Structures are given as structure tokens and as C-alpha cells.
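Work through the following exercises with the coordinates open, and try each task before reading its solution.

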Amino acid sequence: DEGGRSLLMFLDGVCENKISDVARALKYLRKEASILPVLTAITNRLRPALMISSFNKNLSDDVLKTLGTKNYAAKKAQTSLKNFGSERIKNFMAKAARLSFLEKTGRAESWQGFELIIWELMAKI
């Protein structure tokens with residue numbers, strides 16, 4: 001279905017730093033999806049990258065195996081770390097946790113807040 005394809009395009013686009021894919025997917029997701037499932041999906045996709053970045057690089061395979069990360073997710077985690085670096089991944093995950101809290105407590109930033117943290121992650125500054 002279109003929603004599933006858009007979500008997958010969004011998740012892969014973020015990991016691969018494909019701005020055009022992310023923008024196209026967000027255009028659809030904004031109209032058709034609730035923010036929390038999309039926020040959950042991207043944090044789940046980047047969680048292995050966060051964990052790898054928290055340990056010695058020589059242990060990355062062991063960390064992924066311990067987490068039970070599937071090969072596809074492990075490859076995307078490695079790609080996102082290569083594209084963004086550990087500090088940007090860590091900053092994004094902290095901002096995502098904050099955004100999730102705000103969404104659940106009635107102080108939502110909605111899609112504007114979500115897109116801001118996505119573009120901050122992907123920006124080359």
C-alpha cells in the first residue's frame with residue numbers, strides 16, 4: 001500500500017541521506033499518517049546506530065547481535081552512522097524522545113517539530 005511504501009521510503013531515505021526521498025515521503029505521510037507511529041519507526045530504525053555509537057567501534061557487530069538486529073536494519077544503521085556521525089545520531093534521538101513526550105502530554109509540536117528534527121539530522125552544517 002501507498003502508506004507502507006511511503007514509510008519505508010522515508011526510513012531508508014533518512015538512513016541513506018536521500019533528501020528528495022524523505023521530502024516526497026513526508027508529503028504523503030503528513031496527510032495520511034499520525035506522527036507518533038512515524039516517530040516510533042524512525043527511532044526504531046536509528047536505535048541500533050545509537051547503540052553502536054555508544055560503544056567501541058570494534059564491538060559494533062557484537063552490539064548488533066546482542067540487540068537481535070536483522071541484517072537489513074544493521075546495514076541501515078551503519079549507513080546512517082557513516083552519513084551523520086555519532087553525535088548527530090545521539091542529538092536526534094534525544095530530540096525524538098523530547099518530541100514523543102510532548103506529543104503524549106498535550107504540548108505537541110506536531111509535524112513541524114518532527115520535520116525540524118529530521119532536517120536538522122540531515123543538514124550538512
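**Exercise 1: a bridge between helices**

At 12% relative accessibility, Arg45 counts as buried, where buried means under 20% relative accessible area, exposed over 50%, and partly exposed in between (1.4 Å probe, protein chains only). The model is predicted, so local features need pLDDT of at least 70 and side-chain atom pairs count only at pLDDT 80 or more, while totals for chains, interfaces and linings use all residues. Residues are numbered from 1 along each chain as its sequence is written, and side-chain values use heavy atoms, with hydrogens and water left out.

Task: find which side chain meets Arg45 in a salt bridge, a term for a side-chain nitrogen of Lys or Arg within 4 Å of a carboxyl oxygen of Asp or Glu.

Solution. The partner is Asp12, with 2.7 Å from N to O. Arg45 lies in helix 3 (residues 35-53) and Asp12 in helix 1 (residues 2-16), so the pair ties together parts that are 33 residues apart in sequence; helices here are DSSP runs (H or I, at least four residues), numbered from the N terminus. Asp12 is also buried, its relative accessible area being 12%.

Terms used: Helix = DSSP H or I, 4+ residues; strand = E, 2+ residues; numbered from the N terminus.
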